[in-house]
Protein chains: 2
Amino acid sequence: MTNPSLPNMTSRPRIIIVGGVAGGASAAARARRLSEDAEIILIERGPDVSFANCGLPYHIGGEIPDRSQLAVQTPAGLRAILNIEVRTRTEATAIDPERKTLRIRQLDDDTEDTLSFDSLILAPGASPIRPPLPGIEDPRIMTLRNLQDMDRIKEAAARSRTIAIIGAGFIGLEMAEQLSAPGKMVHLIELQPQVLPQLDPEMARPLAIELRNRGIDLHLADGITSFSSGEDAVSACLASGTTVEASLIVLCIGVQPENSLAKAAGLALGARGHVVVDQWQQTSVPGIYAVGDACETADPILCKRSAIPLGGPANRQGRTAADHIFRGDKALPYPGSLGTAIVRVFDLAAGVVGWTGKRLEAEGVSFQSVVVNAPDHAAYYPGHSPVDLKLLWSPEDGRILGAQAVGRAGIDKRLDIIATALRGRLTIDDLCHLELAYAPPFGSAKDVVNFAGFAACNIRDGLLHPIPSLDDAFGQIIDVRPPFMVEKQPFPGIPNIPFSQLRKRLDELDREQPVFTICQMGKTSYQAARVLANRGFDARSILGGANHLLD
Amino acid sequence: MTNPSLPNMTSRPRIIIVGGVAGGASAAARARRLSEDAEIILIERGPDVSFANCGLPYHIGGEIPDRSQLAVQTPAGLRAILNIEVRTRTEATAIDPERKTLRIRQLDDDTEDTLSFDSLILAPGASPIRPPLPGIEDPRIMTLRNLQDMDRIKEAAARSRTIAIIGAGFIGLEMAEQLSAPGKMVHLIELQPQVLPQLDPEMARPLAIELRNRGIDLHLADGITSFSSGEDAVSACLASGTTVEASLIVLCIGVQPENSLAKAAGLALGARGHVVVDQWQQTSVPGIYAVGDACETADPILCKRSAIPLGGPANRQGRTAADHIFRGDKALPYPGSLGTAIVRVFDLAAGVVGWTGKRLEAEGVSFQSVVVNAPDHAAYYPGHSPVDLKLLWSPEDGRILGAQAVGRAGIDKRLDIIATALRGRLTIDDLCHLELAYAPPFGSAKDVVNFAGFAACNIRDGLLHPIPSLDDAFGQIIDVRPPFMVEKQPFPGIPNIPFSQLRKRLDELDREQPVFTICQMGKTSYQAARVLANRGFDARSILGGANHLLD
């Protein structure tokens, strides 16, 4: 026998999986690899299994022209390759945790059945929120969850000259980008005063500029109060009094966990209705697991609970549940989700990992942060573009709490570096000395991640006193850029003392007052503040510079 | 005073830095930011400071058309911005460690001088090796270290129809790529039987294919025995008997540390002649530092000594030395170098971080490894290309020892993820649950790094018994690919049992003999081996599949 690490199961165990997309399909595949004996039954309400959820907007927009590309696996494929029983168009209606049975109903003919199980894995996902607003029932107001929704939206979009997207989060931004086309008017409506509310405002700002440059009509800080149905269009009435008419409206305002089955079975639920699981994705009832968007997991950074409806975590949670069924406590625990996420918005990409300033403030957790800016690869090599990176850390021990990045290139790379650093519980000191791949087409001798570490350590060590924006500066402010830059993008009313002349012109400054320095990207202003501080001034550098503070 | 963290130096300290490029320039900049009082003198033998070393090949090839882009800073710029004294064309000739003095000579007029110092930072770099072979003195045999070398090579290359590059390491490959042009014949000669000997052979193999496809004439496992000078060309005579004629020969066979100054001063040197330093880059004499290519640093993975002649480490070491001068033991120690390196070879990129199998074997360190292959971003989204990733880890505790990657896209990202993981001393278990940024254009729900973690854990847990190549398989070998793939790229003589039919055709196999499975990329063969193992066979999956084993 070559399989010593697996338990010998005497009878043939039955595993039922409810939900056949990311987490459910991963669980099925891993379970089969761990056991040829197990009877594995996959119950799926829809007609499809294992489709590429995250690809749906890109078929709508035409970037993935072949719809069949989105079917990562078919029911027939799963049967052939994994030797599992796949029942599509079948709904799980009730769990009996005592008897370990699952009630199911075939949607096409309404026949019902009861299946016993040894282990049950719930992977029902989450459904798009449809708020109970007047007029919401108009069929031209759509949501996107599965291939059928996708087909409907794609067809409607082809006919529509005016489209409104409600919600400027990750999916809303993808939809705005993909639905934007010559001759079409796309409105993007967001309740928060910024796009991508999952980011801190200053990091989302470049996305709003990009969207507007691409002709998207942004309505920020504005909520929907009602819809009214006309013959040719639906009118969305906004709190501001604005009315947006569109022949297609796509709701992208978030998802809620599919928890009815779990709730009725008495499984413990979290504050927001997610199924509570342990480190092996096991619910409050042993032998019943939950994975993916429906469950709540640990936040490994601050040891709080969080629910992250994303494909990566779902897949790995499914694998964890299957591992625990066959390997028990020898299975690798799921370490919690960091919430790493990224979105492309035309030529820009933006993303987040870990905690944002907004969430830390809301939780009352003390933190420090800095925004740095450096080219994605060597500035002397053609084709570079700036990466803006915001780093957040704990002032107590320097441990990284999160990061956000925005730019044209290399955003995924920086998020992944910080995601790995978070997994290793690294500190701002560690970031200084990350040794990242450097050749001119790929990186720099000092990467923007190193700079974030340097800046953070400088703040901790009292070498950099950053001021987040011009609004926080008062009294003496000096622009230390070379005159040609000042001419191009002036800060009105702020005197210019170019850095190269600063040491000779110190007598123009009042030593009794703090001096605030500003430049293009926040680097020269730091250098100038160091010169001033080392010469006895109370000097503070304004972060980000003209790149962030001026349009 | 706003500068509490810096010591109050009573007199004006003098810091002398020898060498004004990566490490020396970084040290100067950081020193000035920490102190306006210090007198900082930068001694540089050449006419330039702070030029972009790593960009030299790309100006030769024309990708960086503007030569002035390579001058990151000029002597005048450094004076203006950092208020330091820059002495170019000046050679440091002797250190008196007792008296803390440095003897210098102005190269243009041979005048000499003696400077006293409080701290001395040696950043002399390393010089290209020119082996003492017959005929080596021909001026058409060049090396590349500075802007003047670059100009000479660029000029000679423009006139040459046949060019030979000796050494297929990182710089040799960059030169081969950059010098390749229509109408030119480029020979690349390497003593080792593979290109990029810094990688394990199987990971360098795709580069050799790419080079040959691009018309480069590769001479592997062949060394130079002598050169002979003709009127129109130099002939390089190889050990194999081949003679390569070229009107330009570029030697890229490595560098040796510039240690004469340190050696004469009695500073401790390592086995290969590098200056030994502590975690603050301090040499055996307190107050004298060494940074960059000339020094030997710690290897943080196996706690051995190593010397890594790369720009990233040099820059950060320079910063560390300056920090230690002004902040003493409060300075952040340099944590050692991982040797992260990357090279682009036409459409491919390849790189390494940490230890390779070759180096671990040579050191007698036990390790395990696996090569996995997955698309750089979601396979259902257009434009993806495969990433080959080799992971090496310690069988004792699962700690990562190193990685190598090769492919068309996303290579730098995977190296950076592993570099960060190495800094955090992560294990193969941690890689399974790295939560990397996923949206279709940027990544996958399960990244190739996750797959490497999965495969490594499967090996440790006895679920995967990998066989590195077809040569290690014997007896029963089955190709489990679908027939259409087998037809395209057959393994001659190996029977095909498609994975989807495997469970039904088990009686075609001999249960008393091991079964070796092979497929296209090593994934289906793993799944097939799991089916067989779970059904009582001694089953082993051949890594890499046709993608690696067939041309």
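How are H10(A) and H10(B) oriented relative to each other? In this predicted model, helix H10 of chain A and helix H10 of chain B, each covering residues 411-423, pack at an angle of about 20°, with their axes 8 Å apart. Because angles under 35 degrees count as roughly parallel, H10(A) and H10(B) are described as roughly parallel to each other, and their crossing is right-handed. On the side of chain A, the contact is made by Asp412(A), Lys413(A), Asp416(A), Ile417(A), Thr420(A) and Ala421(A), which meet Asp412(B), Lys413(B), Asp416(B), Ile417(B), Thr420(B) and Ala421(B) in H10(B).

Turning to the fold of chain A, the secondary structure consists of 16 helices and 30 strands. The radius of gyration of chain A is 27 Å, which is close to the 24 Å that the globule rule gives for 551 residues, so chain A is as compact as a globular protein of that length. Computed along the principal axes, in the sense of a computed extent, the C-alpha trace of chain A spans about 90 × 65 × 40 Å. Buried residues account for 55% of the 551 residues in chain A, and among the contacts between residues at least 6 apart in sequence, 63% join residues that are at least 24 apart.

Helix H15 of chain A, which runs over residues 524-534, is mostly covered, with 11 of its 11 residues buried. The buried residues of H15(A) include Tyr526(A), Val531(A) and Leu532(A), together with Thr524(A), Ser525(A), Gln527(A), Arg530(A) and Asn534(A), and the list also contains Ala528(A), Ala529(A) and Ala533(A). H15(A) is followed by Gly536(A), a residue whose phi is positive, near 95°.

How values were computed
Residues numbered from 1 in each chain as written. Chains lettered and ligands numbered in written order. Predicted model: local features only at pLDDT ≥ 70, side-chain atom pairs only at ≥ 80, totals over all residues. Helix = DSSP H or I, 4+ residues; strand = E, 2+ residues; numbered from the N terminus. Rg over C-alpha atoms; globule rule 2.2 N^0.38 Å. Buried ≥ 20, exposed ≤ 12 C-beta atoms within 10 Å, placed from the backbone. Contact = placed C-beta atoms within 7 Å. Axes fitted to C-alpha atoms, helices over the stretch in contact; angles between N-to-C directions. Parallel < 35°, antiparallel > 145°, perpendicular 65-115°, else oblique. Left-handed = near helix turned anticlockwise from the far one by under 90°.
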